[in-house]
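Please follow the chain through its strands, helices and nonpolar cores in the account below.

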Amino acid sequence: MTIDLHLHSTASDGTTPPEELMRLAGAAGLGVVALTDHDTTAGWAAATQALPPGLTLIRGAELSCRWHGEGESIPLHMLAYLFDPADEHLVAALARVRESRLGRAERMVALMRADGIDVDWDDILAHAGGGTVGRPHLAAALIRAGLVADTQEAFSPRWIGNGSPYRLPKDDLDVFEALRLVQAAGGVTVFAHPRARVRGRVVPEELFAQLAAAGLDGLEADHHDHSPAERAEVRRIAAGLGLFVTGSSDFHGTHKKVRIGEFTTAPEALERIVAGATGATPVTGVGR
């Protein structure tokens, strides 16, 4: 069984609609996938309805979080699986984060336009199609304008990457609050790409024990932004804390070059996710 627990659709910053994403996953021979759009469950219904026979869907989301340490603040992402999508406290928190993402993106566009960069906010919203707006949407606008060749170039310091004058902070969930919210909604949590130094600063190692004590369930080890040494580091940390590890593609469609199912999760980790969740259950496609 091939298991990929980190996929994005047009409900956030992927380029593939949820229903098409499920068809792609089935055609790629995957047995289990998780839809984990940023801070939203908007793609769940379409993905569920489009499941091909035999493909199992783990419904989830990728939460925008932040750790506030002494004198520093580091953003991070938390994968939440099989939580109750109607939990009022989690729903309200995710809505606040989405509003922050939207305002941040609009301000970034205004900064670029002030410097003569030809990107248009209304055009970006139209291409987002109602999905949670993020930097990949701005990258796509830069590509359409012929200013960059691809998303990788757009995410450089010259444009909207780390160190760029156009990259602005957004309001994220405190990571411990996020853990509490997901737990209360019956979900299971996995720290996404926790050692991806290519993305910027990573949290200090002592934080992992604090997160585990607060209820963190697993760590994402195999990811295209982790070097082999970083994958080994994640496994060492997880083993020391009794956490399971996952592997995932973090597929975004054409926004990234990674292919669906490029990194996968062991069945034992999936079993722990399903056993630990009380907010929702996996859904498997049946013959029509």
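In strand E8, threonine 246 is the bridge partner of glutamate 220. E8 covers residues 244-247 and runs parallel to strand E7, to which four bridges join it; two strands count as paired if DSSP finds at least two bridges between them. Between E7 and E8 the chain passes through helix H9 (residues 228-241), and this β-α-β crossover is right-handed. A crossover is called right-handed if, with the strands pointing away from the viewer, the path from the first strand over the helix to the second runs clockwise. Helices (H or I, at least four residues) and strands (E, at least two) are DSSP runs, numbered from the N terminus.

This is a predicted model, in which local features need pLDDT of at least 70 and side-chain atom pairs count only at pLDDT 80 or more, while totals for chains, interfaces and linings use all residues. Residues are numbered from 1 along each chain as its sequence is written, and side-chain values use heavy atoms, with hydrogens and water left out.

E7 also pairs with strand E6 (residues 188-191), in the parallel sense and over two bridges. Here glycine 218 of E7 is the bridge partner of valine 190. Why is E7 largely enclosed by the rest of the structure? Five of the five residues of this strand, 218-222, are buried, so the rest of the structure largely encloses it. Buried means under 20% relative accessible area, with a 1.4 Å probe and protein chains only.

The largest nonpolar core has 46 residues, and those with the most contacts inside it are Leu63, Met78, Leu173, Phe191 and Leu219. Such a core is a set of buried Ala, Val, Leu, Ile, Met, Phe, Trp, Tyr and Cys residues joined through side-chain atoms within 4.5 Å. Leaving aside neighbours within four places in sequence, the residues in contact with methionine 78 (heavy atoms within 4.5 Å) include Leu63, Val175, Val190 and Phe191.

H5 spans residues 135-144 and is mostly covered, with eight of its 10 residues buried. Glycine 146, which follows H5, has a positive phi, near 75°.

Technical notes. Buried means under 20% relative accessible area, exposed over 50%, partly exposed in between (1.4 Å probe, protein chains only).
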